[in-house]
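Welcome, and thanks for taking a look at this protein with me. Please open the sequence and the model side by side, and we will go from annotated regions to a single residue and then to the whole chain.

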Amino acid sequence: MTTLTSPPSRRYPYPRAQVTRLMPSSDMTSAAPSKAQLPGRAQVVIVGGGVIGCSVAYHLAEAGWTDVVLLERDKLTSGTTWHAAGLMTCFGSFSETSMQMRLYTRQLYRELEAKTGQATGFSAVGFIEAAADKDRLEEYRRVAAFNRLCGLEVHEISPREIAERFPIADINGLEAGFYVPDDGRVNPVDVTMALAKGARANGVQIFEEVTATGVTVTDERVQSVTTAQGDIECDYVVNCTGMWARQFGQAHGVNIPLQAAEHYYLITDTIAGIDSTLPVFEDPSAHAYYREEGGGLMIGLFEPVCAPWNVDSIPQDFSFGEIPPDWDRMGPYLERAMQRVPISLEAGIRKFFCGPESFTPDLQPFIGEAPGIRNYFVAAGMNSVGILTGGGVGRVVASWIINGKPDVDVTGFNINRALPHQRNPQYRAERTVETLGLVYQTHYPGRTVTTARGVKRSPIHHLLKERGAYFRDVSGWEGADWYAQPGEMPETGELTWGRPHWFESWANEHRAIREGVGFMDMSFMSKFLVQGEQAGALLDYVSANAVDGADGVITYTQWLNDSGNIQADLTVTKLGANKFFVVASDTAHGQVLQWLTRHGKNFAATVTDVTSGYAQFNIHGPLARDLLQAATTADMSNSAFPFRTAREIDLGFARAMCVRITYVGELGYELYVPTEQAVHAYERLCEVGQQVELVHCGLKALASLRMEKGYRDFGHDIDNTDSVLEVGLGFAVAWDKASDFIGRDAALKQKNSGPLHRRLVQVKLLDPLPLLYHGEILLRSGEVVGYVRAASYGHTLGGAVGLAMVDATEPITADYLATGTWEVEVAGVKVPATTSLRPMYDPTNEKVTGK
């Protein structure tokens, strides 16, 4: 099978950068699209001729897939690519995948001219990110450490050094800057034409002024693309239609809930002393970026409250278009931005430009194979970083098409995370107002979105609100994050990188579960009924563990692909001979449903999404059994209801499926209650809970409790690039089960290949004051060996605790951990730490399985 070369998996030593103009150059004709008759068939049809579509075409052709057609409804770049600002600034992401794509893109743009003969206008003038307050300084120090791990050269510089490199800035109030010498700028049109020229040179056919009007799907698989000039049969379709992606996808049942918004930049007249060597400068506190343009300045804006554009639909004939700027709305933002560079207030205005760019509900792109249609791929919703990541996105999508699976972590980008309600006009209109501005907000760990809220609510939401719950967005659900103390209001308070004002409330909830009993509403969890004559065979085939055993038993398992990498992490409960209950996290909903339906085609089984049909209440803690025994007539003793038991019980007037399982490391039960009986069941639990001082606990407590125990969370600390052995989940694999399962051969091969050099370890800071969140660098005896993927605060262990992936040149064993001196870099400070392969809390599982 043909493969694309992926970037190094842990270190990214990419070279440097280069610069350009905004508008098309005179030699665009060198990449002039074909005017020939459309072919009747192609292996791949790409719809959309912006930077993303041309990048996908280029990378497919580079890998030898040359039977490719690209269709553009007007001219290449005519949507949003042509007016992009062309920033090639890699600094700022906490995502390993995003950093891979940025660094790969920067290197690609450097090399394209030599490969294609078409200039890209790439110039490594350097980039400076300004930190205007202590919190931004902390964020950027954390980001800088992570970005260095990924291969980016970045230096913290003083305000004086900012002035030396960008002398027109007013440095008053600035704390520091972060300088990337190899970043810079690029001409978006030139880049796109270079990609198109390279693709055509390898055999790709590009057609302008050909509008794709639909996709024909047969047996849930792509069949052809329809145009006014005729149909093109194909094996694959790639939707790269940018801000039209939602409309184009919706026509054939693909949900891509992005929304266009007004995006602004101002170009000044010529300013003395400014030339093309000026670095790119960003000051998020002023909502602005600055770069040279035609001897003057371009001042781009990401205002905190933006304006969605054409919520109903994007005009099909909008091409190289502009939006009349709203001076009244944008005036205050523009004035603030110009004050950071006072000389701009004295210069004339050449242009105040407004053009549309598309944004997604969570500021992450939509990439991957669409649920429900085989070989229909999406690459859209770039959130203003389409040029910055265009090369990387094209490489990832092309590799995914060719190899049938992604070669990077896509858990945060996968199109299967899109939710049906997110395409509603009101939702898109309200959420987009916020998302554009979030680009330049301080990315506090406690921040949650505030717009388009209340979409999904648990049956007991109103009762939890009365209890003082502070809610955050959980995949569209309102999830209780923590509870205010009696007499206090559950308010966000001041966002911080330090201990929030609700830290003690969180600690109390954590301790309640460790020492007494706590209640959690987990109704947002994804739930599926799998039924039919071959339901057990299907689930045993997709599960690494043996799930088709005795009735009334829950099994923890992973689903793997044929490479042995994890695709899902969940539980399967066998309710009866032909009836199973699958439960996964809220974020895995689309992935689990897509995996089940895809692999279930050859089995006599049905899959039903029952997420909304059941409330889920979790009861955890040493007194959990006492509470439940008081609420039911069922025998809850350890002998009658041992660990992993699943059985229906009574709760007053209600019936509930009760499962003895835990995600916090204590005696625990999960109760699945029909939605219409949920309020009564909750009231019953609260009534008897008074006897044992039941405490309501939120998701912050769930996170800290599970992190102390070292429990994994797919999409946060484990992902689709990991094997079960690397993340310490080999115990959940039934290596000797009689039936085959997906990924078995690959997993066995790794198991038999000797000690691992890549493993997930638990890490705890020895100093109780610093906090861990994500992306902190882990060092062993002074050498960087990995980073913290997810973390929380261990209120029982007495310090911040997380899970970190370690890559080493020697086997990672208990002795390897014990013989090293461990530190974690937290915002530029190295903090002593300890590591472990076993859970630091209750490593023998006595509290979970014991009496």
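Which residues does the UniProt annotation "domain: Aminomethyltransferase C-terminal" cover? That annotation, from an unreviewed entry, covers residues 758-842. Before going on, please note that this is a predicted model, in which local features need pLDDT of at least 70, side-chain atom pairs count only at pLDDT 80 or more, and totals for chains, interfaces and linings use all residues. Residues are numbered from 1 along each chain as its sequence is written, and side-chain values use heavy atoms, leaving out hydrogens and water.

**Annotated regions**

UniProt positions follow the numbering used here, feature names are shortened, and annotations may be inferred rather than shown by experiment. Helices (H or I, at least four residues) and strands (E, at least two) are DSSP runs, numbered from the N terminus.

| Residues | Helix | Strand | End C-alpha distance |
|---|---|---|---|
| 403-458 | 27% helix | 0% strand | 40 Å |
| 460-737 | 25% helix | 29% strand | 42 Å |
| 758-842 | 6% helix | 54% strand | 24 Å |

**A look at glutamine 616**

Glutamine 616 sits in strand β27, which spans residues 614-620. Is glutamine 616 buried or exposed? With a relative accessible area of 1%, glutamine 616 is buried (buried means under 20% relative accessible area, exposed over 50%, partly exposed in between, with a 1.4 Å probe and protein chains only). Leaving aside residues up to four places away in sequence, glutamine 616 touches Met520, Asp521, Met522, Ser523, Met525, Lys527, Val583, Glu670, Leu671 and Tyr672, where contact means heavy atoms within 4.5 Å.

**The whole protein**

Stepping back, the protein has 20 helices and 37 strands. Its C-alpha atoms fill a box of roughly 80 × 65 × 55 Å along the principal axes. Of the 851 residues, 62% are buried. Among contacts between residues at least 6 apart in sequence, 74% join residues at least 24 apart.
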